[in-house]
Protein chains: 2
Amino acid sequence: MAKALSKVDVAKIHDLHMVQSGVVLPEHLDIFESGIARRLDFSYSGPQSARIARMMFGGQIELGAVHTYLELFARYFIDLTPKVALIAAVSADREGNLYTGPNTEDTPTVVEATSFGKGLVVAQVGEIVDRVPRVDIPADQVHFVVDAKRPFYVEPLFTRDPAAITETQILTAMLAIKGLYMPYGVRRLNHGIGFNTAAIELLLPTYGERLGLKGKVCTHWALNPHPTLIPAIEAGWVEQIHSFGSEVGMEDYMRARPDIFFTGPDGSLRSNRAFCQTAGLYACDMFIGSTLQIDLAGNSSTVTGSRVAGFGGAPNMGSDARGRRHPSEAWLRAGREADPSAATPALRRGRKLVVQIGETFGDGMVPMFVERLAALDLADKLQLDLAPVMVYGDDVTHIVTEEGIANLLLCRDRDEREQAVRGVAGYTEVGRARDRKMVEHLRQRKVIQRPEDLGIDPLDADRSLLAAHSIKDLMLASGGLYRPPSRFRNW
Amino acid sequence: MAKALSKVDVAKIHDLHMVQSGVVLPEHLDIFESGIARRLDFSYSGPQSARIARMMFGGQIELGAVHTYLELFARYFIDLTPKVALIAAVSADREGNLYTGPNTEDTPTVVEATSFGKGLVVAQVGEIVDRVPRVDIPADQVHFVVDAKRPFYVEPLFTRDPAAITETQILTAMLAIKGLYMPYGVRRLNHGIGFNTAAIELLLPTYGERLGLKGKVCTHWALNPHPTLIPAIEAGWVEQIHSFGSEVGMEDYMRARPDIFFTGPDGSLRSNRAFCQTAGLYACDMFIGSTLQIDLAGNSSTVTGSRVAGFGGAPNMGSDARGRRHPSEAWLRAGREADPSAATPALRRGRKLVVQIGETFGDGMVPMFVERLAALDLADKLQLDLAPVMVYGDDVTHIVTEEGIANLLLCRDRDEREQAVRGVAGYTEVGRARDRKMVEHLRQRKVIQRPEDLGIDPLDADRSLLAAHSIKDLMLASGGLYRPPSRFRNW
């Protein structure tokens, strides 16, 4: 349907306002070049991030805002209610009931807003069948069904090959597990999609087991079905996972583990992005993920000079949920650290743990720490009221690099915060400009913890610690049920 | 089903953990007295608030936490996934497809978490029909259907009789409209369910019209179908309303206004509490509501010595959404007021407007302002980690009373905040203990605005300003489509 839309007569259909969480196919942008569409409100543009940036600079796209997923869904019901929704499903029956299967994701939310908001819902399906395996979208919410006669395209976005995990990433994973997961007792959490968190997943059954953490941390997840979590699941670490979306190749494995995943009567996953984002916001004690840039205040962004990737769910999960009213040990401890001398402890809120993890120098030896975010240049160029910041510094509680952990909850003013950031920024310019005396003082107060402060020898950060060393290992760990996409197979 | 559950054999079924957003029927508590249930995680207990408090004090209920709705829904997918869900529907067909109709509310969320989480879903329906008017819950998510042979009970919770609105409430409504809605240009908002906000709704087509605000404020709502909004809807003020739930008697009126309400192909409302709470959190610029107690820091709670009513959605909507990434005039202006001298404006976030509105002395001449919240005594008594605070002071941006508006965004320290609170607390003890000089200084800085500062003469706060003076007027304004429950009819 994206293709079909890109071929309509621009004299008849033009200047559309697209409210679209994921802008991922070339056709999603072609329609802005041809004038079919003009204004865009979106959340995520992963593979199209460079082109979308060029088109914004060139004035071909009039930007509404770069939302977090849940925020865009919210506006679907208030002031950005779609008039027409183009959705994709695995199959439809002759009445129009839809089976969206493992990749249900945003569909129920988009359909509910559109259909009950008096809009039209058009579904592209892979096939028409007599009876759908289960009804994900009831027929009376669907107005048109288009038989595309082939499955809709899905990208394996969450597969990280263990073979590509570096020893530096293993070190940051050890730091996170021993320095954060263990002391805070983090049971309910979300992981980002980078290699650092993949390393954590692969260290749970080895390093985590050795620390005696099984059953004490990482039991309940808001997470896409990461293949790198298979060894931990098989070792009995995980009680339950609710997922935003699915992952290519994980279908049969999830079908075999209905005790862990939210699968339906037909055996396949029912993902739901709106509910999982809500879970990430309100029911998780920790969000940990990577970024491309962190500034001296701890603000982070994945915007670079030439790419606007959007942030997906990170701004939502990487923020303190101020409407939260249920306590947990992890949350209360973080709150106490931020405000140890509260006059009335019962009026002190807890804090969500929001952790940025990465190497001081990322891909291509580009420093992760910067004096000024590239997001600010984008804001200048496009005259945006808000720079596209992924996670704000005042929501970040910890930064983990190979040099150590900075606990920003313990910082008492802006200077301390800046030196805590510099103190884990290694040999980047930001790191080298540290005030050594102040950093040493922060280390004495445990605002900064070095590997040795946590009893971790960087030389132990060895690939032998990984519970799986390759995609093939993951497949074997799944009992052959995980079926990696061909691009990840080299055997 | 609540009745049936209360009659099971306690020798066989006991110590249940109830995860239930609304505890509203006597039977919902009977099961704790008999030992059938032991632990409770909930959000709202309106009519049962006194008994639930007694049972907590008496140790008959082991309290998990008092959640906000969205927070409890979040935990359904993470660590509080129901094993059995008892739900109610208007009708079912013979396959088990459910029609939940206008009061769909929490049902899709509860069912999705339970059914895909491998639990059992048991639905009580008013009748079994050949074909349901629309499918709200597909049959394959439902395991048992019980024909109750009568409709499930619904309370008219959101109906406020215009006849009971006082002139003091009208004055606070005028202050809110002229002092907040107008300068901030609040288009997307949620109202609480008290008489003060009902007064605002009834002043829009009169006082609001006179101020030239039509089309400029109050166009998009996250709101239950309040009968007091009918005159504003009929006067063309409202573009769209998404609702948490329905309201008794509003069914036909909503059916006649599909341009405003989210109605289905069958013509009846589809409410959805999870989506509407999400909308209230992320897509609204203002939450305005009443409370029973406000302390010197602006913390508020509806807990009193003898009642634990729960907070429903207020903590969620009455909090700053730190994951929000889209700007609006209202939100940006509030952010500028809180931090006028930001070094990097593009890094400054906006702020949600969170307004507490009420009279300095409430029902029975009980002061709204207190030195210490009763919620703290409850926390002491039950040894809770967190006092049950509804809205925290650091999220509140304005307090409106008949004495004026306190703008807490403009306060620069704790003392200023305290004096701003005292400065609108009237003749309560908290108000009389004000530092007169400092309050006068705050008034010069417009931190406090009196009615006269806004050009409002309290003598103009007259009932003649209300667009409807009675429930009958509301019915007439609806063209006879609003059918008030009998208890509200006196003609």
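Q: Is A:Arg131 buried or exposed in this model?
A: Exposed: A:Arg131 has 67% relative accessibility. Bear in mind that this is a predicted model.

Q: Which side chain does A:Arg131 pair with?
A: B:Glu95, through a salt bridge with an N to O distance of 3.8 Å. That pair runs between chains: B:Glu95 is in the chain B loop between strand S4 (84-92) and strand S5 (98-99), while A:Arg131 sits in the chain A loop between strand S6 (120-128) and strand S7 (144-147).

Q: And B:Glu95, buried or exposed?
A: B:Glu95 counts as exposed too, because its relative accessibility is 57%, above the 50% cut-off.

Q: Switching topic, what does A:Arg333 bridge to?
A: To A:Glu337, with 3.4 Å between the closest N and O atoms.

Q: Where are those two, A:Arg333 and A:Glu337?
A: In helix H12 (residues 329-338) of chain A. They're four residues apart there, so about one helical turn separates them.

Q: How accessible is A:Glu337?
A: A:Glu337 is buried, at 13% relative accessible area.

Q: What about B:Arg443, which residue does it pair with?
A: B:Glu452, and the closest N and O atoms of that salt bridge are 3.6 Å apart. B:Arg443 is partly exposed, with a relative accessible area of 22%.

Q: Which residues get joined into one network by shared partners?
A: A:Arg188, A:Asp285 and A:Arg324 from chain A, plus B:Asp41, B:Arg75 and B:Asp79 from chain B, linked by salt bridges.

Q: Last one: how many salt bridges over all chains?
A: The count comes to 77.

Notes: Residues are numbered from 1 along each chain as its sequence is written. Chains are lettered from A and ligands numbered from 1 in the order in which they are written. This is a predicted model: local features need pLDDT of at least 70, side-chain atom pairs count only at pLDDT 80 or more; totals for chains, interfaces and linings use all residues. Side-chain values use heavy atoms; hydrogens and water are left out. A salt bridge is a side-chain nitrogen of Lys or Arg within 4 Å of a carboxyl oxygen of Asp or Glu. Buried means under 20% relative accessible area, exposed over 50%, partly exposed in between (1.4 Å probe, protein chains only).
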